[in-house]
Amino acid sequence: MTTSSLIINGKDALAEWGIVPLSNLIGELLAPPPAKDPVKNTSRLEHGSRFLLPGGRTILASRDLTLDLRIRAASESDFLAKYNSLIRELESGWLSISTDRLPGLVFKCVYLSCSQYSQYNGNVAKFILRLNEPNPANRS
C-alpha cells in the first residue's frame, strides 16, 4: 500500500514535522458525514410522519475525524523541535488537511484533542489527533 503525503495548512507534514500517516488516512477523510435530523412532524390526524428536507435534499452535520500519525526525527533535539512546531500549528486554530491521493480536496478542520500519545524513544512517537470538520459541504 502506498503512503500518502499529508499536507497541513499548506505545509508538507513529513518535511515540516516528520509526520507519516499510519492506517486508513484516506478512509478517514472520505468517510461520509452524518446527516442532520430533518424537520419532522407527526400528527395523530395522519398516518406516518411528514419530513421537510430544505431544497429537497439532506443537510450535512459536522463530523469528527481521527488521524493516526507518527513523528519521526533524526535525534531527540530534532524530535522536540518538530513536536513543538506541530503543537504551535495545532494551536493556530483551523487546519486545512489535504493529501496527494485526493487532489483538489481540502478538509477544513478544527483541532479538538490528542486522544493518544506514545513515545517509543527519543526519535519516534505515535499519536492520534481528533479533529472536527464543521462543514463537510465546504471542501475546496
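Which helix does E89 lie in? E89 belongs to helix 3, which covers residues 76-91. The views below show a predicted model.

**View 1. E89 and the residues it touches.** E89 is part of helix 3. Its relative accessible area is 12%, so E89 is buried, the cut-off being under 20%. Leaving aside residues up to four places away in sequence, E89 touches I8, N9, K11, W17 and L95.

**View 2. Strand 6 beside strand 9.** Strand 6 is made of residues 63-72 and strand 9 of residues 124-133. The two strands run antiparallel and are joined by 10 bridges. L69 stands opposite F127, a residue of strand 9.

**View 3. N132 in strand 9.** N132 has a relative accessibility of 15% and therefore counts as buried, since the cut-off is under 20%. The side chain of N132 makes a polar contact with the side chain of D64, at 2.7 Å. Not counting residues up to four places away in sequence, N132 touches S62, R63 and D64, and also K108, C109, V110 and L112.

How values were computed:
Residues are numbered from 1 along each chain as its sequence is written. This is a predicted model: local features need pLDDT of at least 70, side-chain atom pairs count only at pLDDT 80 or more; totals for chains, interfaces and linings use all residues. Side-chain values use heavy atoms; hydrogens and water are left out. Helices (H or I, at least four residues) and strands (E, at least two) are DSSP runs, numbered from the N terminus. Buried means under 20% relative accessible area, exposed over 50%, partly exposed in between (1.4 Å probe, protein chains only). Contact means heavy atoms within 4.5 Å. Two strands pair if DSSP finds at least two bridges between them. A polar contact is a pair of N or O atoms within 3.5 Å; within protein, one must be able to donate a hydrogen and the other to accept it, and residues adjacent in sequence count only if both atoms are side-chain atoms.
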